Amino acid sequence: MRVTIVQGLEQAYYNLVHMVAEFLPRFVVMVVIILVGLLAAYLLGHMLRAVLRLTKLDRVSEDAGASRVLRMADLPSMTELLSRSIFWITWVGFILIGISVLGVAGLQEQISRLFRFLPEVFIAMLILFLGLVLANFLSRAALLASVNAGIRSPKIWSWSIRFVIWILAISMALEELGLARQTVLAAFSIVFGASMLGLAIAFGLGGQDLARRALERYLGNSTKEKYKEPQPL
Amino acid sequence: MADETFLSDDLLRQLMSVGEVDLLVGILSHSSANTMRRAAHYVEKSLQQNFVRQRVAIISVDGGAAEDAGSDYHSGDGQPGDSLNSKGLSSLRTIHRITAGFNGTPSLGLALRTILSSSDLLRAKACAVVSPVTSSASPEWVANLLRPAFRDNFDFVAPLYSRHKFQGLLARNLLYPMTRALFGRRIRELYSDEWAFSSRLGTLCLNEEDVWREEAVRSRPEAWMGISALTSDFRCCQVYLGEKPPPPDGAGPDLVEVLRQTVGSLFWLLETHQQAWMERKGSEPVPTFGPDHAVTAEPMEINRARMFEMFQNGVKELGPILQLILSPETFASIQGIATLEQQFFRFGSELWVTMLYEFAASYHHSVINRDHLVQALVPLYRGKIYAFLAEFSEASAADMEAVSEHLCLEFERQKPYLTEKWKVGVEVKS
């Protein structure tokens, strides 16, 4: 009995030592990989920041209206955002590689699944961001054009454009992630179709006079005198 | 030196057959072939009467109608003694006619580049650029433009016109006073359809390789050329041409497009020549040939109520955009006057100038997309013009001049404010 207990304890001790002996080098390797990753991520982020500053990306971003969107979302400048993103993507990548070296069963599969899913997440985020920038830019262009042309309720046009682009971007992002594809497609078709039908009905029934005037203007039969301004030059 | 690869083979062939000339007249247009033919006829008449002994060439640079115009353009190839001559004088030399078409998207900038390259290859001593519409007004215009550049060694010759007191209000309230205050020379018509220049200035501009794709140069090359002359301390002058004819169809050009081209171009020029304008103080007159510009005051019907409504609506709807462009104090002032009744509405010179300088600084710092920024100015310009029309509907020409001078001095007075706003942003950005 006593011998059996001692043998059991010895076996447990040997197993523990064996496990530690097996785990410790892997752990050290993981720590090394994470530290190397930190260094690599820092260098990559720093280099990207320098290159983007040299290429004046922030000016381009300002011109495209992207910087304003970032400011609205309380995010840093485009250069800073990309540099920080590359830092974190690189480092998280190294951390995951390091964890996979530990050889913990089950975790490896989850990590590889995450790796497989990462590009899709990245693309979906990119689609959302571009959609946001495009919606902002085009809605502002529509607002300015409507105001300067003297069109009534210019914000309706501006918001309609913003809304349509958002819906489109969100649908595309969800489609990219593969989440409820059929539902997203059906929802998009319903929302978009309903909006267009609603506009058509509103314009055709509610705005018969407006439709007639628009057609008259289009066909050149308008009896109303065109608004003239003094010659600017 | 002209970039010969930029010119088409056909144009090079024509230029080589001409050889060298003393004077070159470029007709810039996207007009119909008939308009071009008529313009060429008037230009030729002017040259035959006024430059009898000089070797001259006319180059027609036209986007849409080049082929059409060209088919008939060469046929009357400037024979001396054409029936055009009314003074009994005729050119002793052949007047050459050249046609240049576009390969790419036509633009005034591309057309000017073609004229500059041709002028360089033909070794022209002076060159005038005219539009088909205004060159038909009087044959004397072309000669009057060319004379100072050819005989008096001026490098840039700007036109002066006689106008109705309510025409050219953008030039009167914004372009002239702002350009004068910042670049220090009193040239009234930098944004015009006709101007002349020396071979020296032509070569300087032609050697600018990087600017030809810029929208400001593509749409308003004359302003860029004028400012280049001013900032390089070239000799500039003005010459009185006469009454500026109205646009061909009787309607004015689209205001938004005009502002995008002219104000956008001016703001871009401020950025590209910032060293030059920041160092200058005050302003000096430039030599003027003929009378100074004249103002006429016949009654004119303008829908002022609609203009005021568009101003008020613009301030209300574009509030968030204007807040990004203007300082809080200026924005509050604009909002304040937008709530006034029509009969009490005034847009003071001080507020107008402050607002424009803040627009210019915000353009420089790209606070929002630059094209959007210029478009956001349109309702405010309408407000200023409404106030101007209301205030000076009964004013005489002398009163109008006094008001213009006061505005110019206000622009000069507030110039340090623009410099400050301009530099503050630079420091923050860097």
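Two strands pair if DSSP finds at least two bridges between them; strands are DSSP runs of E with at least two residues, and helices are runs of H or I with at least four, numbered from the N terminus. The model is predicted, so local features need pLDDT of at least 70 and side-chain atom pairs 80 or more, while totals for chains, interfaces and linings use all residues. Residues are numbered from 1 along each chain as its sequence is written, with chains lettered from A and ligands numbered from 1 in the order written.

**Exercise 1.** Find which strands pair with β4(B), and in what sense.

Solution.
1. Strand β1 (residues 23-29) of chain B pairs with β4(B) in the parallel sense, over five bridges.
2. Across this pairing, B:Ile27 has B:Val130 as its bridge partner.
3. Strand β7 (residues 195-198) of chain B runs antiparallel to β4(B) and is joined to β4(B) by four bridges. There, B:Trp195 is the bridge partner of B:Val129.

**Exercise 2.** Decide whether the residues of β4(B) are buried or exposed.

Solution.
1. A residue is buried if 20 or more other C-beta atoms, placed from the backbone, lie within 10 Å of its own, exposed if 12 or fewer, and partly exposed in between.
2. Of the five residues of β4(B) (residues 126-130), five are buried.
3. In a regular strand, side chains alternate between the two faces of the sheet.
4. B:Ala126, B:Ala128 and B:Val130 point one way, B:Cys127 and B:Val129 the other way, and all are buried.
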